[in-house]
Amino acid sequence: MSSSPPGGTTATTGSDPSIAREAVGGAVAGAAAYLVGYLSVYLTQSGRIEEGLSGLNFLAELFGSDPISTWQVSGWMFYNAHFVETVFPALFGGTSSRNLLMEAEGAGFLLLVPPVLLLVAGLVAGRVAGADAPLDGARSGALVAAGYLPLAVVGAFLFRYAVGDGSVAPDIVTAVLLAGAVYPAVFGAIGGAGSSALSN
């Protein structure tokens, strides 16, 4: 009487590989979206950045500071594409913030890069999970944040450039919350929901 139906145990254990596949698929797709997004900014803007940095780096070396690297500025612009501003030390104390991407002529198209890549990542995550309903797809797609968020946090510190007692870097709060969590969760979920249409 107390024995449980054999089917119940099998269903529970059988879902574990599916959940693991869903989580791993989302995390890998999210990490890939972050890396491809950064590379998109670097490859399209590095020439312009190097040209703009030539004068600044001459002064930096003249005063014994490390030059600003192209890969760092590309990182600032990548976060700017998520509407995360770059924070600079102000001349008379405190800080100021700017969106370099919005100031760069002809670079506005990069604002589309994170959403498009995350939609694709969500679509891939939904397909890997085998989602056949929009809600299931959205859940799978939102898991791209598992790969995107850790890299967004690491990048916010990695792209930091020290200036005296301060630094130039993406704003840490919006880098984590907006770029790391909101963007991948929202756009990944939309892409994942769309993946269910392809399974029908």
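**Ground rules.** I am working from a predicted model, where local features need pLDDT of at least 70 and side-chain atom pairs count only at pLDDT 80 or more, while totals for chains, interfaces and linings use all residues. Residues are numbered from 1 along each chain as its sequence is written, and side-chain values use heavy atoms, with hydrogens and water left out.

**Overall.** I noted seven helices and four strands in the protein chain. Both are DSSP runs numbered from the N terminus: helices are H or I with at least four residues, strands are E with at least two. Along the sequence the pattern reads α-α-β-β-α-α-α-α-β-β-α. Of the 200 residues, 38% are buried. Buried means under 20% relative accessible area, exposed means over 50%, and partly exposed lies in between (1.4 Å probe, protein chains only). I put the accessible surface at about 10,500 Å², with 69% of that belonging to carbon and sulfur atoms; areas come from the Shrake-Rupley method with a 1.4 Å probe, and for residues only the protein chains shown count as cover. I also checked contacts (heavy atoms within 4.5 Å): among those with a separation of 6 or more, 75% are between residues 24 or more positions apart.

**Salt bridges.** I found three in the structure. Back to the opening pair: Arg139 and Asp136 both sit in helix H5, three residues apart, about one turn of the helix. Asp136 is partly exposed, because its relative accessibility is 29%. Arg139 also meets Glu22, at 3.1 Å from N to O. That pair links distant parts of the chain, with Glu22 in helix H1 (residues 6–62) and Arg139 in helix H5 (residues 134–142), 117 residues apart. Glu22 has a relative accessibility of 7%, so I logged Glu22 as buried. Shared partners join Glu22, Asp136 and Arg139 into one network. I then looked at Arg98 and Glu103, whose closest N and O atoms are 2.7 Å apart in a salt bridge. Arg98 is partly exposed at 36%, and Glu103 is partly exposed at 48%.

I saw Pro89 standing opposite Thr95 in E2. Five residues lie between E1 and E2 in this hairpin, and Gly93 in the turn has a positive phi of about 95 degrees.

**Ser195.** Buried or exposed, I wondered about Ser195? Buried, because the relative accessibility of Ser195 is 0%. Ser195 is in helix H7 (residues 172–199), and its side chain reaches the backbone oxygen of Gly192 at 2.5 Å. Not counting residues up to four places away in sequence, Ser195 touches Leu123, Gly126, Arg127, Ala131 and Gly137.

**Surface patch.** Leu112, Val116, Val120, Val124 and Val128 form a nonpolar patch with about 400 Å² of accessible area together. My patch rule takes residues with over 30% relative accessible area and no salt bridge, joining like charges within 9 Å and nonpolar side chains (Val, Leu, Ile, Met, Phe, Trp, Tyr) within 5 Å. Val116 belongs to helix H4 (residues 113–129) and is partly exposed at 45%.

Terms used:
Pairing = 2+ DSSP bridges. Polar contact = N/O pair within 3.5 Å; in protein donor to acceptor, adjacent residues only side chain to side chain. Salt bridge = Lys/Arg side-chain N within 4 Å of Asp/Glu carboxyl O.
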